[in-house]
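Look at the model, then check each answer against its definition.

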Amino acid sequence: MSLDGCGAPQQGVDLAVGPDEVVLTGRVSAGGQPVGGAFVRLLDAAGEFTAEVVSSPEGDFRFYAAPGTWTVRALHRSGNGQASVSADGPGVHPVEVAVA
Amino acid sequence: MSREDVLVSAAWAEENLKTPGVVFVEVDEDTTAYDGGHIPGAVKIDWKKDLQDPVRRDFVDRAGFEALLSARGIANDDTVVLYGGNNNWFAAYAYWYFKLYGHQSVKLLDGGRKKWELDGRPLDKEQVERPATQYTAQEQDLSIRAFRDEVVEAIGNKNLVDVRSPDEFSGKLLAPAHLPQEQAQRGGHIPTAINVPWSKAANEDGTFKSDEELARIYGEAGLDGSKKTIAYCRIGERSSHSWFVLHELLGHEDVKNYDGSWTEYGSLIGVPVELGSGKED
C-alpha cells in the first residue's frame, strides 16, 4: 500500500497484524450463509461513523481501529444488522454480524 | 444554486441512462469496482492513474485532462453524472476536479454506488465505447483549490474545516480505520481547525442530508459564515465531499479544498500542529 493509496486492502485476505494494531474482523451472514457485497460500517462508542468497507464474496471484513467499544453495522439489499465488539488492546478482535 | 443543479437521484439516473448528452462516469476508491459491474453505459475514470501526474505529486495538466476526456468520449456540452463507491468520496473528488478544469455541467449521483446497489438497480459488465471528442479544458480555477502557504496563513483568519474522523483529528490515528496505519508523518491537526467529519453530511445509505440538517451541523461546529473556508482531510478526497456540501449545496461563496491535506501538512517542517480534540480551551 502506497502513501497515497486510499483503497482498502482486499477484505478476507490474511494479513500480518502489527504489534500495536487493533484489528476488528469478522463475517456478515444471513441464515448462516455468508453475505458478500454488504456495506459494513464501523461506529464508535458514541455511535459516530468511523469507517466503511464492502464485505468480500465470503462475507469477510476488517477494520484497523483503536482500543474501545465499537458497533459494526452491515447494510445489504436483503436487510441490515449490527453487533458490538470491545477491543481492550492490540490484536485481532472477532465480531460476527447477521443481516435480516 | 439549488440541489437539482448539482445532484441527481438514483431514480432520475435510471430513467436517463440512454439520454443523449448525459454521460455517467464511475470514479472509485477501489479502482477495480467498475470492472465487477457498473451502471449501464458508464465510463470509468481511475482517480489515481488518470487524474494524478505519474511523477510529481500533482494533478494531470490541462492538456492531460483534455486528452483524458476526449478519449472517454466526453464533450464540453455533455452533462457528466459522477458516481462511485465509499459514499462518493472519489466521485466528489472528481466533481471538484471537473470544476477545477471548468466543466460546465457536472452532477453527483446522490448516494453513489451504495444507494444504487441497496436499491437493487441494474449493473452490467458491458464494455463501453464512446466516440472520441475534442475536449477543451479551462485553466485551473484556483478559487476552489488551496495550497500549503495559504493554509498556514489561514490559521486564525479563515475557517479551517478538518473533515477526518475524530481519532485522526486528535492524532490517535493517521488514516481512516479501514486502512493500515503505516504512514510516517506526524499526527494531529492544523491549529484553529474545527472537526466536522465528512460522514456527518451523509445518511447511512450515502445520500446527502437535507440543507437544513447540513446548515445546523456546520453551525453547531462553529463554522463562521462570514469568513472564507478551507477544507482538508488526509489526501483531499473526503474534503471534496465536504467542499461539495459547503460550496455546492449550502452555497457558501469562498470555499477551497486543500488537496495536499494532512499527508502534506503533517510532513512540513516548521508549521504548528495541535493534538487532542481541540475542545479543551
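Q: What makes the crossing of α4(B) and α9(B) left-handed or right-handed?
A: A crossing is left-handed if the near helix is turned anticlockwise from the far one by less than a right angle, and right-handed if clockwise. α4(B) passes α9(B) in a left-handed crossing. The two helices pack at an angle of about 65°, with axes 7 Å apart. Axes are lines fitted to C-alpha atoms over the stretch in contact, and angles run from 0 to 180 degrees between N-to-C directions. This is a predicted model: local features need pLDDT of at least 70, side-chain atom pairs count only at pLDDT 80 or more, and totals for chains, interfaces and linings use all residues. Residues are numbered from 1 along each chain as its sequence is written, while chains are lettered from A and ligands numbered from 1 in the order in which they are written.

Q: Which residues of α4(B) meet α9(B)?
A: Contact requires C-beta atoms, placed from the backbone, within 7 Å. B:Asn88, B:Trp89, B:Ala92, B:Tyr93, B:Tyr95 and B:Trp96 meet residues of α9(B), including B:Trp243 and B:Phe244.

Q: How do the residues of that contact divide?
A: Into seven nonpolar, three polar and one charged. Ala, Val, Leu, Ile, Met, Phe, Trp, Tyr, Cys and Pro count as nonpolar, Asp, Glu, Lys and Arg as charged, and the others, Gly among them, as polar.

Definitions and conventions: Helices (H or I, at least four residues) and strands (E, at least two) are DSSP runs, numbered from the N terminus. Two residues are in contact if their C-beta atoms, placed from the backbone, lie within 7 Å.
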